[in-house]
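Welcome! Let us take a friendly walk through a protein model and see what its atoms can tell us.

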Amino acid sequence: MSLFSSTTTADKSLQWKDSITTESALVRRLLIGAASLFLTLFLLIPLMAIFTEALKHGLAAYLSSFADDDALAAIRLTLLVAAIAVPLNALFGVAAAWAIAKFDFVGKQILISLIDIPLAVSPVISGLIYVLLFGAQGWLGPWLLDHDIKIIFALPGIVLATIFVTVPFVARELIPLMQSQGREEEEAALTLGASGWQMFTRVTLPNIKWSLLYGVILCNARAMGEFGAVSVVSGHIRGLTNTMPLHVEILYNEYNAVAAFAVASLLTLLAIVTLIAKTVIERKTASHDRRKI
């Protein structure tokens, strides 16, 4: 009797859920159509316009845009900044997530709030912070000038600004995951005689590897596409401190539309590759979670 009652209750629960989540065919079509129209107008058409304008004068003109020394310098600088900023943020993200998820300490909530600051502060303000600190008239400016150390209008300033705006991506991806996993597996490993490094590499890292890679991909995408903070600290020196987004702006202001859209199309292609990688990682993460269940 109890089994029958529980089965009946479960069936009623499923029917109730279906009744509040199932819409008519017309409503579903309208919602799907509205979403598709919105994405077409505000995403697909602008993306198509970028490649259309870039290839407006043919493939030869498109490829010649990347033969320019300033364009090549901007591409190299963008990749270099990402190659420095992303690994550093990955290390910080893992360390911060580890500390927040595995330990209780005074100031824990303050640390979480600090990680979120770059999401709330305008990137332009982020750049101005470093100008205030390291600029010629800044707090440390005179000392840096005396020791011939250049941070603003040089690679270090661009890297610092990029690190600031991309700090949350890895940490924010890992913190909820590591909190949900708890501490039991690590404590069991320590009980069995594992060292701290063995515990991390054999227990913690395998459990977070897909989320870590997902956060790194998002961090890299933001690092390569950052404009506001980098614009403030770079000085816009062509061939030296211009990243790809800054180079696109300069070309467009000079009415060199083909070259501007060509470089913009390269950034778009990188974004598409990032999106594909993100989708693959999401599937891997979902598959890993299902296997654990």
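## A word to know before we start

A residue counts as buried when its relative accessible area is under 20% and as exposed when that area is over 50%, with partly exposed in between. Keep those cut-offs in mind, and remember too that the model you are looking at is predicted.

Is Lys108 buried or exposed? Its relative accessibility is 16%, so Lys108 counts as buried. Across the protein chain, which has 293 residues, 35% are buried.

## The overall layout

How many helices and strands does the protein chain have? There are 13 helices and 0 strands. If you follow the chain along its sequence, the pattern reads α-α-α-α-α-α-α-α-α-α-α-α-α.

Look for a bend of about 45° in H2 at Thr40.

Now turn to the surface. Leu37, Phe38, Leu39, Leu41, Phe42, Leu43, Leu44, Ile45 and Met48 make a nonpolar patch of about 920 Å². Take Phe42, one of the residues in this patch: with a relative accessible area of 57%, Phe42 is exposed, because that value is over 50%.

## Salt bridges

How many salt bridges does a search of the whole structure find? The total is 8. One of them links Asp104 with Lys108, and their closest N and O atoms are 3.3 Å apart.

Another salt bridge joins the side chains of Glu226 and Arg222, with an N to O distance of 2.9 Å. Here Glu226 is buried, at 4% relative accessibility, while Arg222 is partly exposed, at 25%.

## A link between two loops

The side chains of Glu254 and Arg238 also form a salt bridge, at 2.5 Å from N to O. Why does this pair tie together separate parts of the chain? Glu254 lies in the loop between helix H12 (244-253) and helix H13 (257-292), and Arg238 lies in the loop between helix H11 (228-234) and H12, so the bridge connects parts that are 16 residues apart in sequence.

Both residues count as partly exposed, Glu254 at 43% relative accessibility and Arg238 at 34%. The story continues with Asp70, which is linked with Arg238 and Glu254 in a network of salt bridges.

## Polar side chains that reach the backbone

The loop between H11 and H12 also holds Thr241. This residue is buried, with a relative accessibility of 4%. What lies 2.7 Å from a polar atom of the Thr241 side chain? That neighbour is the backbone oxygen of Ser234.

You can find a second example in helix H10, which spans residues 196-225 and includes Asn207. Asn207 is buried too, at 16% relative accessibility. Its side chain reaches the backbone oxygen of Val203 at 3.0 Å.

Terms used
Residues are numbered from 1 along each chain as its sequence is written. This is a predicted model: local features need pLDDT of at least 70, side-chain atom pairs count only at pLDDT 80 or more; totals for chains, interfaces and linings use all residues. Side-chain values use heavy atoms; hydrogens and water are left out. A salt bridge is a side-chain nitrogen of Lys or Arg within 4 Å of a carboxyl oxygen of Asp or Glu. Buried means under 20% relative accessible area, exposed over 50%, partly exposed in between (1.4 Å probe, protein chains only). Helices (H or I, at least four residues) and strands (E, at least two) are DSSP runs, numbered from the N terminus. Patches are made of residues with over 30% relative accessible area and no salt bridge: like charges are joined within 9 Å, nonpolar side chains (Val, Leu, Ile, Met, Phe, Trp, Tyr) within 5 Å. Accessible areas come from the Shrake-Rupley method with a 1.4 Å probe; for residues, only the protein chains shown count as cover. The bend at a residue is the angle between axes fitted to the seven residues ending there and the seven starting there. A polar contact is a pair of N or O atoms within 3.5 Å; within protein, one must be able to donate a hydrogen and the other to accept it, and residues adjacent in sequence count only if both atoms are side-chain atoms.
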